Each structure stands twice: as structure tokens, then as C-alpha cells.
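Morning, everyone. Please have a look at the model on the screen, and then I will go through it part by part.

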Amino acid sequence: VFVWAFTSLWHAGVARWEVWDGAGPRRPSRIFGLGLGAWFAYLRLSLTGFVVFMVLVTTVSSLGFSQVGAAIGQAREGRGMLWLAAMLVALALVKTFVWLATLRGAWELARPAAGSAVLAWLRGLGGVFIHPIASFLPALVLGLPMFLLAEAPLVLGILAPSLRFGVPAWVVTGLLTLASSYLAVALYQAYAPLSEVAGPVE
């Protein structure tokens, strides 16, 4: 819950600072102060994405598992495996589209005449469909390394027992988390020009 609340806060702060005060000083107090004013709206935006994600995941999983069960019941395990693979691909696409729509929607919500969080999310989703390559490219270039760096401490702890506990583990985890956080901010800001939001309001 804390991570969710803090992520919504810095998303709101960075977007509003970029749109409203991009020429001003880059002080964390200024960014977080701007974020507090729209914090609840960004919580609603992320909640919208979460609800859409859960509805789609439930629908796709129900359909997929019903087809897998039917195929296995007919002793057609090969067909069942194909349905299972198709379901996993569909779930990955659902997660990616919802995530990108939320990122773009966060910038839409920072517009001076932005409406509700739901409408901002829908505009973000529309932007993903209108510009799919431009939307997926930052996620591939920045998002994939971000996730790999975030999961690296766990993998390193499995491969090297000395990195599971103690000062070395804290140092390595801290550096990898810092690098992952840097890519997270860079990824988020990459969607400002895609959403035609860049620079302070004139």
C-alpha cells in the first residue's frame, strides 16, 4: 500500500512539475508538493488500471482454462497446451497494454483541462493503440532493464549465498534498486512527448 501511494505521489509530482513548472528548480520538495495536489486523482487513475486489469485477467483466464480443461477431457493434451500458451501470451499483452495505458494516462491527467482519471486512462489507452510502436519502444528499451535490475538482487542471492545477508547484500541491493528507480523515472518521462505533453504551460 505504501509503495502504491508513493508511486502515485511521484507520478503526480513529476507530471505536474513538467507541465506546470518545467522551467523551475528541480527540488524534490517542489515536485512532491505539486504531487500532493493531484495525489488522489492519480490514485484513482492507478485504481482504474488495476480494475481493468483484473477484469481482463479474469475473463481471459476463465476462457483459457475452460478450453484447456475441455481439451484435456477429450484426451487432446496437445490442443490443451496450445490453449495454455495462447492464454499466457494474451495475459502478457493485457498486462503490457494496461501498464502503458496507465503511464500515458498519467500525463493526460496532468493537462490543464484534464477531466476524470477514468477519461485520462481511456485517452492513454487510445494513445497506445494509435501509436503502438512508439508506446512499446520505451517499455522495451527502459522497462525491461528496469524489471531485470529490480529482480537482480533475488537472483544474485540465489546464485551467491554471500549476497543474501549482511553489508554486501545491502550495498548490492541498494545500488541495483537505485539503478532500477532511475530507469523507472526515465521510462515515465519518456511518455510525456508521446502524449504531446512536454514543457511548462504557456
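I'll start with a term: a salt bridge here is a side-chain nitrogen of Lys or Arg within 4 Å of a carboxyl oxygen of Asp or Glu. Keep in mind that this is a predicted model.

How many salt bridges does a search of the whole structure find? The search finds one. The partners are E108 and R123, and their closest N and O atoms are 3.5 Å apart. That distance is within the 4 Å limit, so the pair counts as a salt bridge. E108 lies in helix α4 and R123 in helix α5, so the pair ties together parts that are 15 residues apart in sequence. Side chains of opposite charge can pair when their charged atoms come close.

Is E108 buried or exposed? E108 is buried, at a relative accessible area of 9%. R123, in contrast, counts as partly exposed, with 35% relative accessibility.

Now the overall layout. The protein chain has seven helices and zero strands, so read from the N terminus the order of elements is simply α-α-α-α-α-α-α. Along its principal axes, the C-alpha trace spans about 65 × 50 × 30 Å. The chain has 202 residues, and buried residues make up 35% of them. Take the contacts with a separation of 6 or more: 71% of those are between residues 24 or more positions apart.

Next, the core. The largest nonpolar core has 36 residues, and the members that touch the most others are Y42, L45, W107, Y188 and Y191. Which helices supply at least two residues each? They are α1 (2–21), α2 (28–37), α3 (39–73), α4 (77–108), α5 (117–130), α6 (132–159) and α7 (166–194). The largest share, nine residues, comes from α4. As background, in soluble globular proteins, nonpolar side chains tend to be buried together.

Let me pick out L45. Setting aside its neighbours within four places in sequence, L45 is in contact with T102, G105, A106, L109, A117, A120 and W121.

What volume does the largest pocket have? About 1,300 Å³ of space lies in it. Its lining has 37 residues, and V3, T7, H11, W99 and F147 are the closest to its centre. The helices giving two or more residues to this lining are α1, α3, α4, α6 and α7, and α7 gives the largest share, nine residues. By class, the lining has 24 nonpolar, 11 polar and two charged residues.

The second largest pocket has a volume of about 320 Å³. Its lining is made up of W10, V14, W17, E18, R26, P28, I31, F32, V185 and Q189. Here α1, α2 and α7 each give two or more residues, with the largest share, four residues, coming from α1. The classes are seven nonpolar, one polar and two charged residues.

How values were computed:
Residues are numbered from 1 along each chain as its sequence is written. This is a predicted model: local features need pLDDT of at least 70, side-chain atom pairs count only at pLDDT 80 or more; totals for chains, interfaces and linings use all residues. Side-chain values use heavy atoms; hydrogens and water are left out. A nonpolar core is a set of buried Ala, Val, Leu, Ile, Met, Phe, Trp, Tyr and Cys residues joined through side-chain atoms within 4.5 Å. Buried means under 20% relative accessible area, exposed over 50%, partly exposed in between (1.4 Å probe, protein chains only). Contact means heavy atoms within 4.5 Å. On a 1 Å grid over the protein atoms alone, a cavity is a set of points where a 1.4 Å probe fits but cannot get out, and a pocket is an open set with protein on both sides within 12 Å along at least five of seven lines; lining residues have an atom within 4 Å of a point. Grid points are joined across faces, edges and corners, and a volume is the space filled by probe spheres set on the points. Ala, Val, Leu, Ile, Met, Phe, Trp, Tyr, Cys and Pro count as nonpolar, Asp, Glu, Lys and Arg as charged, and the others, Gly among them, as polar.
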